[in-house]
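Biologist: I would like to go through this model with you. I will ask for the grounds behind each label.

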Amino acid sequence: MTEVKKDKPWLIRTYAGHSTAKASNELYRSNLARGQTGLSVAFDLPTQTGYDSDHILARGEVGKVGVPVCHLGDMRTLFDQIPLDQMNTSMTINATAPWLLSLYIAVAEEQGADVSKLQGTVQNDLIKEYLSRGTYICPPKPSLKMIGDVAEYCYTNVPKWNPMNVCSYHLQEAGATPEQELAFALATGIAVLDELKPRVAPEDFPALCGRISFFVNAGIRFVTEMCKMRAFVDLWDEILADRYGIEDPKFRRFRYGVQVNSLGLTEQQPENNVYRILIEMLAVTLSKKARARAVQLPAWNEALGLPRPWDQQWSMRMQQILAYETDLLEYGDLFDGNPAVDAKVEALKDGARAELANIGSMGGAIGSIEYMKGRLVDANAERLNRIERNETIVVGVNRWTEGEPSPLVGEDGGIMVVNPEVEKEQVARLDEWRASRDDAAVKAALADLRAAAKEGRNVMPASIACARAGVTTGEWATEMRAVHGEYRGPTGVSRAMSNKTEGLEDIRASVDAVSDRLGKRLRFLVGKPGLDGHSNGAEQIAFRARDCGMEIDYEGIRLTPEQIVEAARNGAHVVGLSILSGSHIPLVEEMMERMRAEGLGHVPVIVGGIIPEEDMKRLKAMGVSKVYTPKDFELNAIMKDIVHLVDPAAVAAE
């Protein structure tokens, strides 16, 4: 009997990092011991946005959604006893990607590794940061230049490293349709290749194209998502062949890693998320032609808070069962020649080509950022409308909502909570690091970094020299800000009302009546304090409030409590804060203190985010009027609450 030759399994990863470099190192080593085959590093928001742990904007954010890495010492601790020359490491880092890769290279050198043999990926996709995730620093053009710097440096010095993941994952999280996800991601890939083409010899360009990888999302409509992956394969091949003349098919291969959808995970009946995650994984593994190179899965409780090690292990076991217990890897592509699949793939490709042509007419991805952002906000509004109208069924949310309490949510709330002392300890280590380094060497390294950025040189060699000298993340990013300036991305929320949402007549009438009683139009200030760049919820609240007839103040992400309170002085009748990073307690506490100090204690404050029940009680004790979590999906109910909170007649009656 002939033995069946099985395909190799994909890389099995868990997206992980929290609290401190030491705690994250322990987690990585234990995950590797349990069968994980690659590392996927989550960095905290200050690290992602180029701030040290003691910066004012880092308050409450240190170690919350990932690991803080301020300098070479942190990176050294993070990979202690993990031989980097034997590891495949993915780092979800974008604006500070040149810097974190420099620290990684410096640690590998210390370990005695051959740097040319390092394998892994930096995400390094700034365009999607402007559209959906918000961890950008500099404007688009210098950001694109830094993406090019990393790719050019890696091609010569770290040839097995993927210098960029074109990341469509967060586009779907922001509400993109499959066609938009395809087109916006491919437009980003084109922008990067156009930047890189003049930098290398023509004979080297095909191999450089072959190092560009993608990081993709897979949602619950798994047939459509599987077809989307096949469309990605075909379209990328087409673009590389037709636009760039790449003849060798191996350099035209669509290489992607995936994390399946977190947007669709529900706070209600959270145990159901296990099935959602499994079904979504099938979309990126069943079709051999479009199978992911690496898979990382969210945990069942991510809509509740930070997963514990056990939760991550459970998700990893799901991958291992599919890869090693089933016979999936013994067969060729299961969908070749399927007429329904072929028709869907062609329809998706046609839609994506039309959108790509649109983007091309605006000057490509860089020239169409505002357009793409507006399209995403509109698409997300339509997605939420369908859920509210019960056209899209979400089990446990708008259908079959009655159920037994989940036994998985135990006394700890079913999540891990980061100890608030972590921030103080991290800042103390940072102070110690600064005190022990050679200041003259740091100044010289930073001066050369600034000169490289100003002169248009590749910033990677100077960044690696900075890493070795002991420069911090905040110091590196300060130089980039000084040379290139900072950027405020478009919000995607226009001032003009849309007619997309039906059934708002009663709420509009209430807004008009309350505005008459107030003597001016009801004014709603939406603010995102801290470094959380996931603005989808804030955008949809602002979008709906605007369509209900309120006057909206929404200036986008990354504001300090001081800036929000300053904006509230312009006559806000209610303030809404959106925080998804887990930093709600310190940020709201500061907000409420500042509001009272400015004589604005009477203005109602509402808060939305991923907020555990115990924290909801604490926020209300601080004076917060209402707290909303992902289970509060009916935006019209929130609008009615806002109107009631500021209605002088209702306040008088109470």
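The questions below set computed values against their cut-offs.

Modeller: One point before we start: this is a predicted model.

Biologist: How do you know whether the radius of gyration of the chain agrees with a compact globule?

Modeller: Compare two values. A compact globule of 654 residues would have a radius of gyration near 26 Å, and the chain has 25 Å, so the two agree. The C-alpha atoms fill a box of roughly 80 × 70 × 55 Å along the principal axes.

Biologist: What makes up the secondary structure, and how much of the chain is buried?

Modeller: The chain has 25 helices and 15 strands. Of its 654 residues, 59% count as buried.

Biologist: What share of the contacts with a separation of 6 or more comes from residues 24 or more positions apart?

Modeller: That share is 80%.

Biologist: Now salt bridges. How many are there in the structure?

Modeller: The structure holds 50.

Biologist: Why is the pair Arg434 and Asp52 called a salt bridge?

Modeller: The cut-off is 4 Å between a side-chain nitrogen of Lys or Arg and a carboxyl oxygen of Asp or Glu. The closest N and O atoms of Arg434 and Asp52 are 3.2 Å apart, so the pair qualifies. Arg434 lies in helix H15, and Asp52 lies in the loop between helix H2 and helix H3, so the bridge ties together parts 382 residues apart in sequence.

Biologist: What makes Asp149 and Arg199 a salt bridge, and which parts of the chain does the pair link?

Modeller: Their closest N and O atoms are 2.8 Å apart, and the limit is 4 Å, so the pair counts. Asp149 sits in helix H6. Arg199 sits in the loop between helix H8 and helix H9, 50 residues apart from Asp149. Asp149 has a relative accessible area of 0%, so this residue is buried. Arg199 has 22%, so this residue is partly exposed.

Biologist: Asn217 touches both Lys228 and Glu181. Why is Asn217 called buried?

Modeller: The relative accessible area of Asn217 is 0%. The limit is under 20%, so the label holds. Asn217 lies in strand S8.

Biologist: What does the side chain of Asn217 reach?

Modeller: The side chain of Asn217 reaches the backbone oxygen of Tyr169 at 2.9 Å. The side chain also reaches the backbone nitrogen of Asn261 at 3.1 Å. The cut-off for a polar contact is 3.5 Å, so both distances fall within the limit.

Biologist: Where is Asn261, and what makes Asn261 buried?

Modeller: Asn261 is in the loop between strand S9 and helix H11. The relative accessible area of Asn261 is 6%, so the label is buried. A polar atom of the Asn261 side chain lies 2.7 Å from the backbone nitrogen of Gly264.

Biologist: Why is Tyr275 called exposed?

Modeller: Exposed means over 50%. Tyr275 has 56% relative accessibility, so Tyr275 counts as exposed. Tyr275 is found in helix H11.

Biologist: Which residues form a nonpolar surface patch with Tyr275?

Modeller: Ile220 and Ile279 do. Together with Tyr275 they have about 300 Å² of accessible area.

Key:
Residues are numbered from 1 along each chain as its sequence is written. Side-chain values use heavy atoms; hydrogens and water are left out. Helices (H or I, at least four residues) and strands (E, at least two) are DSSP runs, numbered from the N terminus. Buried means under 20% relative accessible area, exposed over 50%, partly exposed in between (1.4 Å probe, protein chains only). A polar contact is a pair of N or O atoms within 3.5 Å; within protein, one must be able to donate a hydrogen and the other to accept it, and residues adjacent in sequence count only if both atoms are side-chain atoms. Patches are made of residues with over 30% relative accessible area and no salt bridge: like charges are joined within 9 Å, nonpolar side chains (Val, Leu, Ile, Met, Phe, Trp, Tyr) within 5 Å. Accessible areas come from the Shrake-Rupley method with a 1.4 Å probe; for residues, only the protein chains shown count as cover. The radius of gyration is taken over C-alpha atoms; the globule rule is 2.2 Å times the number of residues to the power 0.38. Contact means heavy atoms within 4.5 Å. Lists of a residue's contacts leave out its neighbours within four places in sequence.
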